[in-house]
Amino acid sequence: MKTNIINLFLSLFSVVILSSCSGSGGFNMFSDSEDVKLGHDVSAEMLTNQAEFPVFRGDPSIRTYIDQRIFQQILTSPKIAKRSVYDYKIELIADDNTLNAFALPGGNVYIYTGLLKYLDSEAALAGVLGHEIAHAEKRHATQRMTKYYGAQFLLGMLLGSQPNQIAEVASNLFVGLAFLANSRSDEDDADNYSFEYLKDTRFYPGAVKFFFEEMRDDGTVSSKSNKVATFLSTHPDPVNRIAKTNQRLQGAGIVIKDWKSNDANLFKNEYAANIKNKLSK
Ligand SMILES: [Zn+2]
């Protein structure tokens, strides 16, 4: 018993040390393969809940196009280290009233048809997908879970009392999707990586801000609709994120464009022809 208490203390102590010294990387109690397993568990759970996460059953060429033309393109960036470790995959959720996208740990990325209908360029979509890939790649969700559940995990490990902790945590967190609520610093981190990944593609690298600019310009961002409430609950601070992205562009010596630009590296016509118009049918 005494040994257990000492071990517990040492373990808790090391968690404090690791989490306070680790900076933005952060200490993570999950292994990469546990991130993948957790993501698969949650995605299996989502399939059983078609009321909340209806799988898109329209024209299958839309998903294929987004996957091949945009998602896989971003994944070719050499800055994505877990390409062959994580199960990077894109799925569409058939919900026209939700302006959102999210990534599960381990690389499953979900995008709502509401967001696809709202955006107007491949670059804007690439910006969002780069951002979501960064959440998975940088393991923001399991880092947050580590902070929250850390002590409980250690206790369980020491006492050997909770063999199915990951499954338990997955089901707890799934209720209300609490783990999707990203912190401001995670959002900033993900925007920065989206910018970095897109630099390695044919898309305009600042495009992660296009979604926010469009929302700002049409007043969506200040409205009280459910659409935006859902979005803001998982992606805080859109206006500040525009300014941050402009700073990054300036710092890298890249011309500042906004979502209204018609330049070729936004791929607006392609987006309309292959995604937006097909969704409206
Ligand atoms: Zn985010």
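Before looking at any helix pair I noted how axes work here: they are lines fitted to C-alpha atoms, for helices over the stretch in contact, and angles run from 0 to 180 degrees between N-to-C directions. Helices (H or I, at least four residues) and strands (E, at least two) are DSSP runs, numbered from the N terminus.

**Entry 1: ground rules**

I am working on a predicted model, where local features need pLDDT of at least 70 and side-chain atom pairs count only at pLDDT 80 or more, while totals for chains, interfaces and linings use all residues. Residues are numbered from 1 along each chain as its sequence is written.

**Entry 2: α9 and α11**

I started with helix α9 (residues 210–217) and helix α11 (residues 238–251), whose axes come within 9 Å and cross at roughly 130°. That makes α9 oblique to α11. On the scale I use, angles under 35 degrees count as roughly parallel, over 145 as roughly antiparallel, 65 to 115 as roughly perpendicular and the rest as oblique. I also noted that α9 passes α11 in a left-handed crossing. A crossing is left-handed if the near helix is turned anticlockwise from the far one by less than a right angle, and right-handed if clockwise.

Which residues make the contact of α9 and α11? I found Phe212, Glu213, Met215 and Arg216 on α9, with Pro238, Val239, Arg241 and Ile242 on α11. Contact is a matter of C-beta atoms, placed from the backbone, lying within 7 Å. Sorted by class, the contact of α9 with α11 has five nonpolar, no polar and three charged residues. For the classes, Ala, Val, Leu, Ile, Met, Phe, Trp, Tyr, Cys and Pro count as nonpolar, Asp, Glu, Lys and Arg as charged, and the others, Gly among them, as polar.

**Entry 3: the whole chain**

I stepped back to the protein chain, which has 12 helices and three strands. Of its 281 residues, 37% count as buried. Buried takes 20 or more other C-beta atoms within 10 Å of a residue's own, exposed takes 12 or fewer, and partly exposed is in between, with C-beta atoms placed from the backbone. Among contacts with a separation of 6 or more, 74% join residues 24 or more positions apart.

**Entry 4: the sheet**

I looked up the strand order next: the sheet is open, has three strands in the order β1-β3-β2, and its pairing is mixed. β1 (89–93) and β2 (101–103) are at the edges with a single partner strand each, so one side of each has no neighbour in the sheet. Direction ignored, neighbouring strands are turned by 20° against each other on average.

β2 pairs with strand β3 (residues 108–112) in the antiparallel sense, over three bridges; strands pair if DSSP finds at least two bridges between them. Ala101 has Ile111 of β3 as its bridge partner. α5 packs on this sheet, touching β2 and β3, and its direction makes about 25° with that of β2.

**Entry 5: α5 and its helix partners**

I followed helix α5 (residues 122–137) to helix α8 (residues 184–199): they pack at an angle of about 120°, axes 7 Å apart. The two are therefore oblique to each other, and their crossing is right-handed. The α5 side of the contact includes Gly127, Gly130 and Ala134, and the α8 side includes Ala190, Tyr193 and Tyr197. By class I get seven nonpolar, five polar and four charged residues for α5 with α8.

Helix α3 (residues 60–75) also packs with α5, at about 50° and with axes 9 Å apart. The crossing of α3 and α5 is right-handed. From α3 I listed Ile66, Ile70, Phe71 and Ile74, which meet Glu122, Leu125, Ala126, Leu129, Gly130 and Ile133 in α5. That contact has eight nonpolar, one polar and one charged residues.

**Entry 6: two residues up close**

Is Ile133 buried or exposed? Ile133 has 27 C-beta neighbours inside 10 Å, so it counts as buried. Beyond four places in sequence, Ile133 is in contact with Ile74, Ile80, Tyr88, Ala103, Val109 and Tyr197. Ala103 is 30 residues from Ile133 in sequence, yet 6.9 Å away in space, C-alpha to C-alpha.

Phe71, in helix α3, counts as buried with 22 C-beta neighbours inside 10 Å. Leaving out residues up to four places away in sequence, Phe71 touches Ile66, Ile90 and Leu129. Phe71 and Ile90 are 19 residues apart along the chain, and their C-alpha atoms are separated by 7.5 Å.

Technical notes. Contact = placed C-beta atoms within 7 Å.
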